[in-house]
Structure formats: structure tokens, C-alpha cells
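The following report describes selected features of one protein structure, with headings for each topic.

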Amino acid sequence: MKDVSRRTILKGSAAAAALSFIPRSGFAQEGETETHGLSSFGDLKYGPDFKHFDYVNPAAPKGGALVLQIRQTSGNQNFDTFNTLNIYVLRGDGAAGMGSTFDTLMAGSGDEPNTMYGLVAKSVRISGDKLTYRFALRPEARFHDGSKLTARDAAFSLMTLKEKGHPVYRAVLTQMVSAEAEAEDVLRVQFSPRRSRDLHLVVASMPIFSERYWQGKDFEAATLEAPLGSGPYKVSRFEQGRFIEFERVPDYWAKDLPVNLGQNNFDRVRYEYFRDRTVAFEAFKNGTINYHEEFTSRIWATNYDFPAMREGRVKREELPDDTPAPIQGWYFNTRRETFKDPRVREAIGLAFDFEWTNANIMFGAYRRTTSFFENSDMKATGLPSPEELALLEPFREKLPPTVFGEPYVPPVSDGSGQDRQLLRRADELLRQAGCKREGGVLKLPNGQPFTIEFLDFQNSLQPHTQPFQTNLKRLGIDARSRIVDAAQYQQRMNEYDFDMTSRALVGTTTPGDDLRTVYASEAARTSGTRNIAGIAHPAVDALVEKIGNAATRQELNIACRALDRVLRASHYWVPMWFKASDWIAYWDQFSRPETKPRFSSGAPGTWWYDAEKAKRIGRG
């Protein structure tokens, strides 16, 4: 139940370190190998006969309700509102939770990065050149109306997403040449020789739609009719823009598969929408929401002294998080002439005093983000290694010289909120870029006043942004905020109609195809992608391809570090902050497994409703 924007899960045990290949007559073809699971680099922790994931309680009871807010977004989803139940296209603002209504060919593991095991597909055969994948589908797979889920449906889904899906899906499926049904239970997927390393995982994770349901319907249109699905939940009721509720499918065809045991435990899952975080927190305090993830340090530090908390009916915890940190910052729209010069972007970044902000607004709870791969081995440090240099040298003439030195790290301020030394350096950079000061107004090289509009759809970051803007005004820049409604914000972001905006993209343990939609030149030219900064550089494109095709974890880390150096030296953002933990609070009516997955908190996806606990706190 968890895509920031404001957050797939390699190292396996020795017993299952290699893919399990099992010949099968009829399905097998010469030169193919068969496996029950897929991964980035070939390692699988769980063998072909595993019963369930280690981090679940396979006997977890079913029942109760989980009520929360949307925690991450994907496709066209919006944190503050929704007006469509099709989240896989560009049009509209998608509703939370819709992904739980669709099954996929395979399902991810929280114990391993980028590893998947059979769901709709019980196994897959891979050609020797890894360009053809033939998925054997389970004959028992069914949609919610009882109709059979076949290879035709899977092929229809993949080709529809490739041709008509949200730009994010179209981008990652570019090198999938075709998907077709060889038989009712055999899906054949053909990849281009230019395929990336993880394209098979992308395909295995795509939702499967009913071809029959979509006949005569416009897939790209916004709709408030819930599309026919096959997943563990289906839409029960909703009120547009206010809430959406899902009910567990009691006769869900895949409920007893190893990838599902111990999960999908709540009878009802409901997402509540609030445009204001303060109002949302009040809803948690009064029990309207029963599970809450906190993102505001002020609230975490000062607002948890309320009756239900003091009485022990509400619990809160800080759970360690060893995954790469969200890539959070204020991003420049480099499509605009104002922000073309990296010296200008660097100067603007110097006006943000993180040390003062952390101490005075965030209760010292955060660390400064410096890398696009923060909190991971993919983060660049020190001088480039010989292996990194080998990737960077072909582009030396097109890269800033600083790429070949120590990676850029934002300077530490004196904590005063207006470090004069840093502001003086910012002024020098602006002048070097051709800006001129006329009285209290900074003029761009074209003679126009320097103005910046910070675009957002809520005011929660205003306490952090306003001191930043005050320092920009000291430099002669007219910096101001524009808060618009969520729908208008999403439209403007799809059209890249902004100067600067804040965004937190989910960090991943094994980057691959996903980086194309965030950093590649093609994404910069395509509406609705996550390349909001407009990054378009041949070195970045080459490194993204190298990352997507890395054959080993070592190769991946080297390429990511090289990319990190390029991005940091180019100042595409003003990095914000991170912490290597999650703040969660909940009404004490849940229980959970003793073991947590290695690469996530497990909350609340592996939890279950505990009727005895609920009764003790008066919520039974």
C-alpha cells in the first residue's frame, strides 16, 4: 500500500543463490531456461517451493479496517484530491489505492531489492539472449466478475500501457517490442536488443486489465467507474475528492499463493483526503484516521500530547529505514531561460540556510541531503575512481570541471539564517552570469527583473521556504510563493509551467529503467514525466543507459556514482533534507509480525486488525 512523490524491493541465501531452472514439456523451447522468480542480477532468496515470505504471519487473521492518507503517488495520482479511477493515464487526478485492485504477473519481495516471484504467472521461460520471455499463467486466475484472466488480457494490458498509458509507463516500456498470447495460458514478450537490465521486472510488475471490459471504452479518458480488476481489493464506495474505500475480495483467487499469504489482511482499506495537514492530524487524533505517517518535524515534536496518546490508546514509533532516501529538494525548471546558467542555480542554492532551518523549524531532526543517491552505496564520495572516470571522460568537454574533482556538497552555513559569506558568494556568481544590481533589484542579462515563483499545492513548506525567499530578496531577487489547488498544480506540472517547485521522488535500492523518466532527455521533452527539472544532457543519457544495463551490483554503483557527480555539479536543484527513519503513529488496534522485511518497515502492509486490542481501547 505504499509510490514521494513527496516514497522494487539481491543478495540471497546460499541455498537459493541461483535461478531455479525446471524443464517443462510443451512450454519449453530449445535454449530456454525456466524460473519461478526474476531479479536484477539473478539471485533469489526464496526457492521454488517457498510457502510464504519470512516477514509475514501466514496465519494473520482477516478483518477490521485500515484508514489512512495516500502516502506515495504513481501515474496521475494526486496527494490532495482525485477525479478519476484510472491511475494509469495522464488525464485526471487518480485515486489512491487503485493499484490494489489489479494483479500483476509477479509480485515483489521486501527481503530483496528488485526481486519478484510468481503471481498471475507461475513461471517464466527466458531465451538464451534474454530477449524473449514466455510467462506461463495460472489457469485459476480470475477477474472480480468471475471471468478468466488469460494471456490475451496480459498482452492487451502491456501494449495498451506502451501506446496509451501515462508517459511514465510509456517511457519504461519503450524497449518492449511486443506482447502477445501464444496460448490462453502463455504470454510471449519480446524485447529490443537495446533492452535495459530490469525491463523484465518492469513488465512483470505492470497491472493486468480485462480486454473484454475495455472494449468500446476510451482507455485514456478520466472515469469514475472502477475498471474491472483481479486483485485482493475492489472499490466499494467513494466520494470524489474526499475519500475512497476498498473492500477485501473474500474469494480472491490468489489469496493462498506464497506471495500473498499474511498480507491483504484488512477487510476494508479507506483513504481519506485532506488539503491541510493540520486538519488531517486532527482527524488522526479523533480516530477518523487510525494509521498515520508523520512528515512534519514540528508536529512530531510538539503535537503528540493529546488525551488518546497520554492514555496509551495511540502509539508512535520511529522505525529505521535503510533504503535510499527520497530525492527531495526545490527543483529548477531549466527549460526557462532564467535558470539556464548553472552559476545562477548554484547562487540560488546558497541562499537556503539549512542549518538555521533545521535548528529553528525542524527541531534538529534532519540531515542535509547532498546526493541524488543519499543513504546508499551509490552516493559519490571523494575523487572519481578509475572506473568512474572511464565513464565520464568521453564527455569531459561537455561537463563542468568540478565533475572530475570532489563531488559538490552544499556549504555549511553559520546558522544565522543569513550567512553573509555565502550570500556574498551568491552575489559574485550572479554577476559572473551577467546579472546586474540596480538599487534593490537584480536584473537578468536581458535586462528584465529577476523573479522566481515557487509553485506548490499546499502551504506546509512555507515556514521553510519563506526564510529562503527572504535571503533571495537580499540578493535583489523577487521570490514569492504561489499556492494553487491540487488539480491546477498537477496540470501545471504536466505542462512544466513553473519556475521552481518542491518534489520528493522515491529512492530505490536498484535504479534502472525508472531513471529514464526522471533524468533522460526524452523525458524532458515529454509532458507529464518526472523529469521536472528538464535535464537534457548526453552524459546523463549515457549514464542512465549504463545504469539500466549494469550486469552486476558493482557496475551499478559505479555508474550511479558517476551520474551523481554530474547531477550535483550541474545544480539542478536546491537539495533539502532527509532522515534514515520513518515516523509512524497508530491507534493501538493492530498487531504485526515479529520479523520486518529487510528493505521496508512492513507497515501497514503486513499488519492485521487485532480485535482484542481494539476492544481494550474502546474501538472494538
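## The largest pocket

The lining of the largest pocket comprises ten nonpolar, six polar and seven charged residues. In this classification Ala, Val, Leu, Ile, Met, Phe, Trp, Tyr, Cys and Pro are nonpolar, Asp, Glu, Lys and Arg are charged, and the others, Gly among them, are polar. The model is a predicted one, in which local features need pLDDT of at least 70 and side-chain atom pairs count only at pLDDT 80 or more, while totals for chains, interfaces and linings use all residues. Residues are numbered from 1 along each chain as its sequence is written, and side-chain values use heavy atoms, with hydrogens and water left out.

The largest pocket holds about 430 Å³ of space. Of its 23 lining residues, K340, P342, R345, S570 and Y572 are the closest to its centre. A pocket is here an open set of points on a 1 Å grid over the protein atoms alone, where a 1.4 Å probe fits, with protein on both sides within 12 Å along at least five of seven lines; lining residues have an atom within 4 Å of a point. Grid points are joined across faces, edges and corners, and the volume is the space filled by probe spheres set on them.

## Elements around the pocket

Helix 8 (342–350) and helix 17 each supply at least two lining residues, and the largest share, four residues, comes from helix 8. Helices (H or I, at least four residues) and strands (E, at least two) are DSSP runs, numbered from the N terminus.

S570 belongs to helix 17 and is buried, at a relative accessible area of 6%. Buried denotes under 20% relative accessible area, exposed over 50%, and partly exposed in between (1.4 Å probe, protein chains only). Beyond its neighbours within four places in sequence, S570 is in contact (heavy atoms within 4.5 Å) with P342, R345 and P400.

## Nonpolar cores

Within the largest nonpolar core, of 130 residues, L105, F135, L187, Y519 and L563 touch the most other members. Helix 17 (residues 553–570) gives this core its largest share, nine residues. Such a core is a set of buried Ala, Val, Leu, Ile, Met, Phe, Trp, Tyr and Cys residues joined through side-chain atoms within 4.5 Å.

## Backbone features

H571 has a positive phi of about 55° although it is not a glycine; H571 lies in the loop between helix 17 and strand 22 (573–575). A cis peptide bond, with omega about -10°, joins A603 and P604.
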